[in-house]
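Me: I'd like to learn how to read charged contacts and surface patches in a model like this one. Could you take me through it step by step?

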Amino acid sequence: MQSIGLKAALLQENPLQIVGTINAYTALLAKRAGFRAIYLSGAGVANASLGLPDLGFTNLHDVACDVDRITNICDLPLLVDIDTGWGHAFQIARAIKTLIRAGAAGIHIEDQVDAKRCGHLPHKTLVDDSTMRDRIKTACDAKTDNQFTIMARTDALQVEGLEKAIDRILQYIDAGADMIFFEGANTLAQYQAVTRVSSVPVLANITEFGLTPLFTKEALHEAGIQLILYPLSVFRAMSQTAQSVYETIRTKGTQTSCVPEMQTRDALYEVLHYYDYE
């Protein structure tokens, strides 16, 4: 299903709110709620599709399958997490071409080593500047669609400090990055320091239970942020509710008390346009 690009979506809404969708159905719900862009998290693929932690277990096939399912049913531009690109230059190039064919609107690639860790956990290790520049250049050269967005993510703030993170960001922009994913900020002043020097839009990752406070859209806009990511908010809420319902059925022998929290059959059919198919 053809969608507009992320840059076009940013022209429609600034800051652009991008919400995580772990599958095709949640993508439909996001569109129904009025969002203009959606996201497939590497952690979401690992956790929800594979039942594994976000420690580099996923591969291109795992991610491309979920991308294809989402873009076949929802025309919102989809930003995709490709971690470190799954290997050397040929593998990065293959990933870009594969995800463009699958319908993604853009990707972000990061500057951690291949055995990456969640951006909000300690003990991360980064590749050197030149290696990350090569990743970005490879991704840009592999594009077969000029509207496809290459976003460079840096985890340097916690590892090397703000000054070095900014230096890396400027190098990544020079290497061809269309947008910057500035991970792990804990103050608005850090975002401001980056957006003041960045010539491309900067994304803030507002994920729960991490290093970054849950800043409002208005506060981030004032700090110069143009894209705001909520990667796993819905997945976490769904999972908590699912656990509660499972426990209720197991302990009480009936789901009766949970029914008010459930989506009705009619509501489900409305989202899916069930009767149009009939």
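Reply: Happy to. Let's begin with the term itself: a salt bridge is a side-chain nitrogen of Lys or Arg within 4 Å of a carboxyl oxygen of Asp or Glu. Keep in mind that this is a predicted model. By that rule, the count comes to 16 salt bridges.

Me: Is Asp66 buried or exposed?

Reply: The general idea is that buried means under 20% relative accessible area and exposed means over 50%, with partly exposed in between. Asp66 has 7% relative accessibility, so Asp66 counts as buried. Arg69, with a relative accessible area of 54%, is exposed.

Me: Where do Lys7 and Asp178 lie, the two residues that are 171 apart in sequence?

Reply: Their side chains meet in a salt bridge too, at 3.4 Å from N to O. Lys7 belongs to helix α1 (residues 6-12), while Asp178 is in the loop between α8 (162-174) and β6 (179-182), so the pair ties together parts that are 171 residues apart in sequence. As for cover, Lys7 is partly exposed at 35% relative accessibility, and Asp178 is buried at 16%.

Me: Which residues are linked in a network of salt bridges?

Reply: The network links Asp111, Asp129, Glu160, Lys164, Asp167 and Arg168. One of its pairs is Asp167 with Lys164, whose closest N and O atoms are 3.3 Å apart. Those two are three residues apart in helix α8, so about one helical turn separates them. Asp167 is partly exposed at 33% relative accessible area, and Lys164 is partly exposed at 26%.

Me: Now the surface. Which residues make the nonpolar patch of about 330 Å²?

Reply: For the general idea, nonpolar side chains are joined into a patch when they lie within 5 Å, provided each residue has over 30% relative accessible area and no salt bridge. Here the patch is made by Leu50, Leu52, Leu55 and Phe57.

Me: Where does Leu52 lie?

Reply: Leu52 is in the loop between α3 (42-49) and α4 (60-71). With a relative accessible area of 32%, Leu52 is partly exposed, and the cut-off for joining a patch is over 30%.

Methods:
Residues numbered from 1 in each chain as written. Predicted model: local features only at pLDDT ≥ 70, side-chain atom pairs only at ≥ 80, totals over all residues. Heavy atoms only, no water. Patch = residues over 30% accessible without salt bridge, like charges linked within 9 Å, V, L, I, M, F, W, Y side chains within 5 Å. Areas by Shrake-Rupley, 256 points an atom, 1.4 Å probe, with all protein chains shown as cover. Helix = DSSP H or I, 4+ residues; strand = E, 2+ residues; numbered from the N terminus. Buried < 20%, exposed > 50% of the residue type's maximum accessible area, 1.4 Å probe, protein only.
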